[in-house]
Amino acid sequence: MKQGQSLAERTADDILSMLCIDKKFAPGDKIPNENDLSAALSVSRTTLREAIRILAAHQVLEIRRGRGTYVRADFKPEGQLGLEDLSPALINIRDLFEVRLIFEPQAAFYAASRATEAELERILYYGRLDEEQLLRGVDRTEAEQAFHNSIACATHNAFLTELMPMLYESIGKAVALAKSYPELMRHTLEDHRQIMDFLAKRNPEGARTAMQLHMIHAMEEMNLE
């Protein structure tokens, strides 16, 4: 194991070696199921899932819910020998989402009851911008962050506002990963519309439930639960 490299990163490196050195799988091929591949690599299924998420985030693998995991058709194995350029912080995405699940539904609850008209309009503006950029297939990281940050600011709770920069990391990672999870993108559209609808109606309970479901859907789609 390279110095500072986690077990999941080493496993991702091993899978990458299968593709680039051993040529066991070609672009477009389906890789073995979790049980078989984890046994072949002598790692747990949890570690394997983390490794697959790393490779999916970097456009090596594509996870098709209910169908398995595939080497991306546009993946070019030439010159890809290691994961030195990948961020180890990807491994922490589950922890970040769990924190979001704790705080953001309650933030939506308070925002629905405390937001000024200007704050509510700002939330809806960024929500619509995020949706537009998602449908256009362009980078929507800033719009997604601004949407969630606007909700936090509308709680008028200084702690929640200070917490958001830390949570930006998971938002950025989720946006990057979403390309490999078509169902996650669909859920994001539907969930954001529900959140905005309840906020616009100033329905705290509805906003809290919609935000909670948004977090749960994301965690389920990315196998973070």
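A crossing of two helices is left-handed if the near helix is turned anticlockwise from the far one by less than a right angle, and right-handed if clockwise. By that rule, H5 and H6 cross in a left-handed way.

Before going further, a word on the model. It is predicted, with local features needing pLDDT of at least 70 and side-chain atom pairs counting only at pLDDT 80 or more, while totals for chains, interfaces and linings use all residues. Residues are numbered from 1 along each chain as its sequence is written, and side-chain values use heavy atoms, with hydrogens and water left out.

**Helix H6 and its partners**

Helices (H or I, at least four residues) and strands (E, at least two) are DSSP runs, numbered from the N terminus. Axes are lines fitted to C-alpha atoms, for helices over the stretch in contact, and angles run from 0 to 180 degrees between N-to-C directions. The axes of helix H5 (residues 117-136) and H6 come within 8 Å and cross at roughly 160°. That makes H5 roughly antiparallel to H6, a label used for angles over 145 degrees. Contact here means heavy atoms within 4.5 Å. Among the H5 residues that meet H6 are Tyr126 and Leu129, and the H6 side includes Glu144, Phe147 and Ile151.

Helix H6 (residues 141-153) also crosses helix H9 (residues 204-221), with axes within 14 Å and an angle of roughly 145°. In this contact, Glu144, His148 and Ile151 of H6 pair up as a group with Met211, His214 and Met215 of H9.

On a 1 Å grid over the protein atoms alone, a cavity is a set of points where a 1.4 Å probe fits but cannot get out, and a pocket is an open set with protein on both sides within 12 Å along at least five of seven lines; lining residues have an atom within 4 Å of a point. The whole structure holds 2 cavities of 30 Å³ or more. Glu144 and His214 turn up again here, being among the residues nearest the centre of the largest cavity, which has 13 lining residues. H7 supplies the largest share of that lining, 4 residues.

As for the largest pocket, 20 residues line it, and those closest to its centre include Glu34, Ile63 and Asn223. H3 gives the most to this lining, with 4 residues.

| Space | Volume |
|---|---|
| Largest cavity | about 110 Å³ |
| Largest pocket | about 300 Å³ |

Each volume is the space filled by probe spheres set on the grid points, which are joined across faces, edges and corners.

Terms used. Parallel < 35°, antiparallel > 145°, perpendicular 65-115°, else oblique.
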